[in-house]
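Trainee: Could you take me on a close look at the part around the ligand, and then show me how the rest of the chain is arranged about it? I would like the cut-offs too, please.

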Amino acid sequence: MEPVGVIGSGLGGLAAACTLAARGHKVVLFEKNDWLGGKAALHEADGYRFDMGPTILTVPSVLERIFAEAGERMSDHLDLRRIDPQWRCFFEDGSVLDLDQDVAAMALRLRGFSGAEEGNTEQGYLDFIRQSENLHRISDRFFFWKSVEDIGDTMDLRAGMNLATLRDILSLRMGSSVAKQIRRHIPDERVSQMLDHFVQYVGSSPYLSPAVLCGIAHMQTQEGVWYPIGGTRAVPEALVALGERLGVEYRTGCGVRRVIQEDNKACGVETDTGEIVRLSRVVSNMDSVRTYRELVGGAAEQSFSRRWKREPACSGVVLYLGLDKAYEHLQHHDFVFSRDAEEEFDAIYRRGEPAPDPTCYIAAPARTEPGVAPPGGEALYILVHTPYLRPHHDWNAMLPAYRKVIFDKLARTAGMTDLESRIRTERVLTPADINERYNVLDGAIYGLASHGSVMGAFKPGNRSRDLGHLYLAGGAAHPGPGMPMVMMSGWIAADSLDQDAKRNAPERLSA
Ligand SMILES: Cc1cc2nc3c(=O)[nH]c(=O)nc-3n(C[C@H](O)[C@H](O)[C@H](O)COP(=O)(O)OP(=O)(O)OC[C@H]3O[C@@H](n4cnc5c(N)ncnc54)[C@H](O)[C@@H]3O)c2cc1C
């Protein structure tokens, strides 16, 4: 039997490779870069160590499940530390608010923060988290751990319609947005702005995203925010090692330029050097739109692109600053919020231009792991979301002025007035770099935008409807982006493939 192929070693690709190998498949993984882990990459310079991509790890139970596939325990391979307070928030008016994992403690904190003048934020927060818990439960039941592309995949609307399902559909609040739901409960605009940012985990506007994504808040309060010692980079390293123990063959520096097809089925790949590798089935961890456009083509591509016209999620600028000083007033994760949430999201997601006064996310990991910087220093990471790449965006030309906007913002709203003079080493990642390094869609960090008040939560399913023996894993496939979701997506792709291979059933194709 020919091996199974995985194209790409992002967290989704690695999770798929490990799960497949644990189920007894022979797996070959092709990665165009010379490192494994995709966006979860590492930058080291002058005694500083930076995670280049993801820094906030939530829902570790997904990673536990991947290790459990192989009969192993995640805790034997990763040293995870809980981060609580989860974020520190700096607002334009000078106020500062910490986000506690414990819901009751947070509600109490809000009583002191918001006062009673504008309404009851404390009670509003409790109500919002209750609604979020309900939406999370519905996601668990209808969306997670299975290949879903549309509502027909998740609910049998004719046979399964009963009162409980009807109640669940109604509580999805189809037609309403995340921003609307938050503001129904929360009278304090600063607290609303903080809660809006849960959908920044999927690179989408809270004004355009469906209410069901309010469930992300409960995922974070339930399982917490975690930091692996060694950085988030420790996650792909642990998965690569797991794959090695299970016999996965990794081929780095080996891009794939074509998926070979016979009888409307994937049956191999052609690498960038022209080598043909015969495979029984293929999992693509490359962006789903680009997989069809660049590797598959033909009728399958046409059928896929008729259904999927979604625009890319946001991109971003990341500054990696090695400092000779650690800022004591920062927590491990910090958000320095824009002066006006609507103005910011309108610029990024509607007008397609960098926000004039952006929200800056900061990671200060030396607070948890001092070894990331020389003594007394900090390996500061600053991420600002920007629009996905438009033809007129020339980031070489735009960066100097936007870097100044970011530094001015951090000085004004987070009191980091001497930041520039504290830098000992600096590197920048622009949307153009992100596009080039990871083969994403127009520089998108988080795959496809979750915009659309009804269909926004859906992504291309993990079992291709357009080409037999092809499966999709990663941020531009179901259930979406972010570390836990892409690892779940890899697991679903592997599980679907494994089930199909075992029954050798013909797939449901729409082409
Ligand atoms: C700056 C930044 C900050 C982020 N912050 C967070 C965070 O705090 N928390 C969080 O949960 N998520 C965060 N994310 C999102 C998270 O990193 C991603 O959702 C996730 O890592 C993407 O995994 P993936 O499986 O989609 O693959 P990717 O990481 O996109 O990797 C895909 C891999 O496929 C390879 N590839 C593509 N095409 C080919 C080809 N033709 N042949 C061979 N190889 C190919 C690429 O080289 C790449 O290695 C962040 C992302 C970025 C960039």
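Mentor: Happy to. Domain 1 (4-46 + 57-81 + 230-310 + 450-503) and domain 3 (312-438) both give residues to the shell around the ligand, so the ligand lies between them. The domain bounds come from an automatic or database domain assignment. Before going further, please keep in mind that this is a predicted model: local features need pLDDT of at least 70, side-chain atom pairs count only at pLDDT 80 or more, and totals for chains, interfaces and linings use all residues. Residues are numbered from 1 along each chain as its sequence is written.

Now the shell itself. The ligand is surrounded by 36 residues, and the closest are G8, G10, G12, G38 and G474; a residue is near a molecule if its C-beta atom, placed from the backbone, lies within 6 Å of it. Two or more residues each come from α1 (11-22), β15 (315-323), α15 (431-438) and α16 (483-503). Of the elements, α1 gives the most, with three residues. Helices (H or I, at least four residues) and strands (E, at least two) are DSSP runs, numbered from the N terminus. Sorted by class, the shell has 17 nonpolar, 16 polar and three charged residues. Here Ala, Val, Leu, Ile, Met, Phe, Trp, Tyr, Cys and Pro count as nonpolar, Asp, Glu, Lys and Arg as charged, and the others, Gly among them, as polar.

Two of those shell elements, β15 and α15, lead us to a sheet. This open sheet has seven strands in the order β8-β7-β16-β17-β18-β15-β19, with mixed pairing. At its edges stand β8 (96-99) and β19 (423-429), each with a single partner strand, so one side of each is left without a neighbour in the sheet. From one strand to the next, the twist averages 20 degrees. β15 pairs with strand β18 (residues 378-386) in the antiparallel sense over nine bridges, where pairing requires that DSSP finds at least two bridges between two strands. V318, for instance, has L383 in β18 as its bridge partner. α15 packs on the sheet and touches β15, β18 and β19, and its direction makes about 100 degrees with that of β15. Axes are lines fitted to C-alpha atoms, for helices over the stretch in contact, and angles run from 0 to 180 degrees between N-to-C directions.

What about the remaining domain? The chain also has domain 2 (99-216), and 28 Å separate the centres of domain 1 and domain 2, taken over C-alpha atoms. Across their interface, 21 residues of domain 1 are in contact with 23 residues of domain 2; contact means that the C-beta atoms of two residues, placed from the backbone, lie within 7 Å. The side of domain 1 that touches domain 2 has eight nonpolar, 11 polar and two charged residues.

Leaving aside residues up to four places away in sequence, S177 touches P206, Y207, L208, S209, P210, A211 and S453. Finally, six of the eight residues of helix α8 (residues 189-196) are buried, so α8 is largely enclosed by the rest of the structure.

Definitions and conventions: A residue is buried if 20 or more other C-beta atoms lie within 10 Å of its own, exposed if 12 or fewer, and partly exposed in between; C-beta atoms are placed from the backbone.
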